[in-house]
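Here is a short report on helix geometry and packing. The sequence and structure come first.

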Amino acid sequence: MSSSEKISYLFTESSSVFGSNFLENNNENYGFSSKKISPDDFDTFSQSTNSLNENINNANNSNIIDDDAYTTQRGLKARHIQLIALGGGIGTGLFVGSGIALKTCGPAPLLISYLIISFFVWCIMNELGEMVTYLPTEGRSTMYALCERYTGNRSFCFAAGLNLVYAQMLLVPAEISAAAFVVEYWTDLNVAIFISIFCVSTIGLNFLAVNYFGEVEFWIASIKILCILGLIIVGIVIFFGGAPASNGVLGFHYWNKPGAFNDNYVEGDTGRFLAVITALIKSAFAFILTPELITSCASESCDPRINLPKATKRFIYRIITFYICGVIVIGCIVGYDDPSLAAAIDDGKSGAAASPFVIGIQNAGIKILNHIVNACILTSAYSAGNSFLFSGSRTLYSMALSGDVPKIFARCNKYGVPYMCVYVGSLISLLAYLNVSNSSAKVFTWLSNISTVSGFISWICVAITYLRFRIAIDYHGLNDRITYRPPIQKIGAYSSIVFFSLLSLVNGYGVFFDWNTSDFIAAYITLPIFLILYLGHMFLTGNYRIFASPEEIDCTTGLKQIEELHDEYTKPEPKNIIERIWMWIV
């Protein structure tokens with residue numbers, strides 16, 4: 001912004017005050033009226049010119065308006081948001097991680113765990129969707145910003161924000177590591193080569209304008225969706241005995257032999273119950289922090305009050321189609337005692353070699369398809385790492401806007417990219433190089449465990465924030481201005497707090513049966529980190545209250561502008577059947 005532009009901007013802002021006050025009490029145009037100007041009008045003009053002088057002085061002595069005064073931009077289109085909602089965040093958790101849960105627990109606990117987690121993640125998505133749709137302001141639509149606005153507890157939102165930042169950013173090297181080892185299915189080249197390629201491309205993409213991120217995610221999400229749908233169709237064919245190596249209808253053969261449950265630690269009902277608990281812990285990684293990704297994208301999208309509710313409503317279809325149907329197929333085409341699955345997991349392999357989808361397809365005598373699936377797993381892992389770097393940088397940017405982290409992280413370039421935040425995520429992504437000297441399984445387990453528990457804590461914070469949001473909205477009488485409210489969300493919020501609290505506590509219960517210090521630390525290190533962040537901020541700032549009272553919660557700043565923007569929206573009319581179908585999709 002040039003000096004002349006600064007002065008023009010300041011003059012416009014200050015003179016608008018004079019103009020509004022001047023005309024508020026005078027209905028005629030003074031430039032062409034014979035009516036005399038009163039002394040009060042001169043006072044108003046004098047106050048406005050003083051305000052202009054003060055603003056110019058402030059501009060010269062502060063960084064409020066300077067050459068770096070850029071913000072994030074609404075560059076994501078409707079089709080970007082809808083495809084990110086359907087396919088974004090789907091990484092190695094579903095394609096590969098589901099195999100670990102199947103081997104350890106069996107098909108029944110795998111399905112039960114996905115059904116349970118799907119319900120609670122659906123609740124979290126709805127809660128975030130309702131809050132962000134109400135006020136989808138730029139840079140203020142992250143989970144941290146919502147927590148700050150509706151709880152009034154700065155220490156709580158500070159801890160919740162940093163917890164979310166390091167969870168999202170730790171997932172970046174986790175997914176880059178997975179992507180690099182997926183390539184090992186085809187070549188024996190040093191894994192550092194592929195880590196370097198994925199790091200550079202991921203970081204480079206996040207430094208570009210957000211519409212480029214949206215375009216890449218749109219196409220990769222399309223690939224993921226087509227891949228999963230194709231795998232489900234192939235699974236159905238194998239189920240009914242249509243594969244080359246089939247000997248009749250396969251059906252639920254593997255649910256009978258070796259069985260639906262693989263008892264954990266002890267035999268009998270207790271072992272089966274523990275298998276379900278283990279499956280819940282291991283399966284959660286497939287869902288982790290996906291709702292936060294969608295709402296982070298919403299603040300940089302066009303027409304967020306239209307696109308976000310649509311994406312939130314369709315989230316349930318994603319869960320049912322991709323996750324639930326996917327694990328049913330896995331449980332039908334692979335037994336939990338499959339030697340290929342066991343060998344791949346024990347050797348710490350990633351990609352197609354450890355994917356239960358591919359192992360089931362190979363057992364059925366179907367060739368070539370394993371390479372196609374491995375390519376889809378590769379794009380999924382890369383996409384997930386790219387998405388988490390995007391959402392992590394936006395959460396950190398949101399914290400900088402509120403002053404909870406240094407203001408340097410609030411800087412954006414002219415493309416609307418918070419580049420200092422992306423720098424931080426880029427440095428953390430270099431942790432992927434740990435795999436050069438350590439087994440991928442060990443590093444991946446550490447990073448995924450830490451991120452998984454952080455995700456549980458984040459979802460607890462979302463539920464608490466939502467309950468405070470509802471209390472504030474009820475107090476201020478603003479329920480008639482809520483444009484999107486899914487059912488049973490208060491019950492869902494209370495249930496989510498209880499469920500994810502218990503899951504955080506039992507996350508590492510297995511180490512008490514077979515003690516391993518490193519696994520214990522990985523499972524529980526996040527809990528004391530969160531408490532240290534919260535208590536440290538509380539004592540340093542003297543913030544000892546739990547929540548602000550409802551009358552103190554600001555539920556209206558920015559609301560009028562958002563409603564005006566929403567009122568200007570014109571729904572495009574399809575011209576033919578193809579456009580009608582496309583508009584329904586996006």
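Helix 13 and helix 15 cross with left-handed geometry. This is a predicted model. The axes of helix 13 (residues 304–333) and helix 15 (residues 356–363) come within 9 Å, at a crossing angle of roughly 40 degrees. The two helices are therefore oblique to each other. On the helix 13 side, the contact uses Gly-326, Val-329, Ile-330 and Ile-333; helix 15 brings Pro-356, Phe-357 and Gly-360.

Helix 4 also packs against a partner, helix 14 (residues 339–346), with axes within 10 Å and a crossing of roughly 115 degrees. That makes helix 4 roughly perpendicular to helix 14. This crossing, too, is left-handed. Gly-99, Ile-100, Leu-102 and Lys-103 of helix 4 meet Leu-341, Ala-342, Ile-345 and Asp-346 of helix 14.

| Helix pair | Axes come within | Crossing angle |
|---|---|---|
| Helix 13 and helix 15 | 9 Å | roughly 40 degrees |
| Helix 4 and helix 14 | 10 Å | roughly 115 degrees |

Now helix 4 itself. Helix 4 covers residues 92–105, and at 1.5 Å a residue its 14 residues should span 20 Å. The end C-alpha atoms are 18 Å apart, which agrees. Helix 4 has a kink of about 35 degrees, centred on Ser-98. Ser-98 is also buried, as are Gly-97 and Gly-99 on either side.

How many of the 14 residues of helix 4 are buried? Eleven are, so helix 4 is largely enclosed by the rest of the structure. Among them are Thr-92, Leu-94, Phe-95, Val-96 and Cys-105. Just after helix 4 comes Gly-106, with a positive phi of about 100 degrees.

Definitions and conventions: Residues are numbered from 1 along each chain as its sequence is written. This is a predicted model: local features need pLDDT of at least 70, side-chain atom pairs count only at pLDDT 80 or more; totals for chains, interfaces and linings use all residues. Side-chain values use heavy atoms; hydrogens and water are left out. Helices (H or I, at least four residues) and strands (E, at least two) are DSSP runs, numbered from the N terminus. The expected span of a helix is 1.5 Å times one less than its number of residues. The bend at a residue is the angle between axes fitted to the seven residues ending there and the seven starting there. Buried means under 20% relative accessible area, exposed over 50%, partly exposed in between (1.4 Å probe, protein chains only). Axes are lines fitted to C-alpha atoms, for helices over the stretch in contact, and angles run from 0 to 180 degrees between N-to-C directions. Angles under 35 degrees count as roughly parallel, over 145 as roughly antiparallel, 65 to 115 as roughly perpendicular and the rest as oblique. A crossing is left-handed if the near helix is turned anticlockwise from the far one by less than a right angle, and right-handed if clockwise. Contact means heavy atoms within 4.5 Å.
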